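Hi,

Here is the structure I promised to pass on.

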Amino acid sequence: MAAHDYDLGVIGGGAAGLTAAAGGAQFGARTILIEKSPRLGGDCLHVGCVPSKTLIRTAMVWALTGRLKEFGLPEVARPAVDLGAVMDRVRAVINRIQAHDSPERFCGLGAEVRFGSPAFVDDHTVILDGRRVSARAWVIATGSRPALPPVPGLADLPVWTNENVFSQRQLPERLLVLGGGPIGLELAQAFGRLGSRVTVVEFLEQILGPEDPDIARILQERLQAEGIAFLTGTKALQAGRDGSDFTLRVAPARGPGPETLLKGDAILVAAGRIPNVEGLGLAEAGVAFTPRGIPTDSRLRTNVPHLYACGDVNGQLPFTHVAGYEGGIAVTNAILRLPRKADYGKIGWCTYTDPEVASIGLNEKRAAKEGMPYRLFEEPFAGNDRALAEAEVTGKIKLLVSPRGKLLGCQIIGPHAGELIHEWVLALNAGVRLSALAGTVHVYPTLAEIAKRAAQQPF
């Protein structure tokens, strides 16, 4: 008789959990996937990547209709946007993708799918709907949720977060955005393009804190040109209501300075994420965790070797593609028992503003922090023929190269940066020499030619 009900148990039906469950089932392991919400897909599908990128695309199309004169076309009158119709399209895209993440698909792969809120009672067993379910190994992939900063009065307001913004039906005339990171900026630009007057409040001195200042400055200047107002180096002191208005009292984040009262029709909070570790019975399983998540080693093991933590819940890189990557590593270790390790230094990411901001490896900030000497090479999109043809010349590519000519990192701010970065993801992961990239014939005219131009500079 088997010692446990399953070989692999997975808690969480987002990117990490679905990857782990699919892998476990396909490897022939008896696998159970447990999700607390009534649908699989996680935040990315329902309240994250998919709806936000759908909204961003809609807003981009609408913004182009305001630039017709730039392309030699007659200007047209633009009516007010019906946000409800926009969100109906967002929901339609989600529903289309949902079929790929259906319980039927995963059952077809050989995994059992259950819905509910499990809690560990020991390091092999959870209680689910009053019944004990045991597995030889577990993958914890419960994700994260929006953080609500400790601003007095904020918790008492019906604020927007990524969890409810895509269910809104009325476009606010004035939108206050608390947080100048990727989520805040993507949504700020989208709502600004649809017709809202947007003000972004950011505690740090620059938006996109981890990025280099020159990259952040290019993006901020572009967003300001579109009408978005920025208050950087600013802290929120008090949130409240004044009749139908939402209010936010702010002041300089450092040093004395005047207070300002901001008013809006809605407040969007995009000030970080909190890992979902509550209610899981982690202490009963002996799993160590902190407010920042569940620490893991490079094989995604917690301090209890047969318990793994993947995705946002482990506090590493909060990206969907990283969650899937980690889920694959965890299941390889848990089921095949091959010592596969995560390498976060060779993973890229992208902020889907317009222009997009994409990065892989070291930027100047990270190189300085690590004491890594580098040479810097840049190429502007203003010198790219395709960018000129498409009237999308804002931005540049930056290469960090070691004194001996080794690629250390690449940052791109510009049109389709999230697509263009993959040439550099491959180069960094495969150890491709810059001379090989410089000698590669790129199709003309393409945005990707900027890679060749940048790679030629060290030679």
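This is a predicted model: local features need pLDDT of at least 70, side-chain atom pairs count only at pLDDT 80 or more; totals for chains, interfaces and linings use all residues.

Let's start with Glu 70, which at 52% relative accessibility counts as exposed (buried is under 20% relative accessible area, exposed over 50%, and partly exposed in between, with a 1.4 Å probe and protein chains only). Its partner is Arg 67: the two form a salt bridge, with the closest N and O atoms 3.0 Å apart. Arg 67 itself is buried, at a relative accessible area of 15%. By salt bridge I mean a side-chain nitrogen of Lys or Arg within 4 Å of a carboxyl oxygen of Asp or Glu.

Residues are numbered from 1 along each chain as its sequence is written, and side-chain values use heavy atoms, with hydrogens and water left out.

Back to the charges. The count comes to 28 salt bridges. Arg 67 and Glu 70 belong to a network of them that also links Arg 193, Arg 222, Glu 226, Asp 354 and Glu 392.

Another pair to look up is Glu 186 and Lys 53, whose side chains meet at 3.0 Å, N to O. They tie together distant parts of the chain, 133 residues apart: Glu 186 sits in helix H6 (residues 182-194) and Lys 53 in helix H3 (residues 49-64). (Helices are DSSP runs of H or I with at least four residues, strands are runs of E with at least two, and both are numbered from the N terminus.) Glu 186 is buried at 6% relative accessibility, whereas Lys 53 is partly exposed at 27%.

Now for the backbone. Most residues other than glycine have a negative phi, and most peptide bonds are trans. Here are some exceptions to check:

- The bond from Asp 354 to Pro 355 is cis, with omega near 10°; Pro 355 is in the loop between strand S17 (349-351) and strand S18 (356-361). Asp 354 is also part of the salt-bridge network above.
- Tyr 444 to Pro 445 is cis too, with omega near -5°, and Pro 445 lies between helix H13 (434-439) and helix H14 (449-456).
- Asp 129 is not a glycine, yet has a positive phi of about 55°. Asp 129 is exposed, at 61% relative accessibility.
- Ala 391 has a positive phi as well, near 55°, and is partly exposed at 28%.

Cheers
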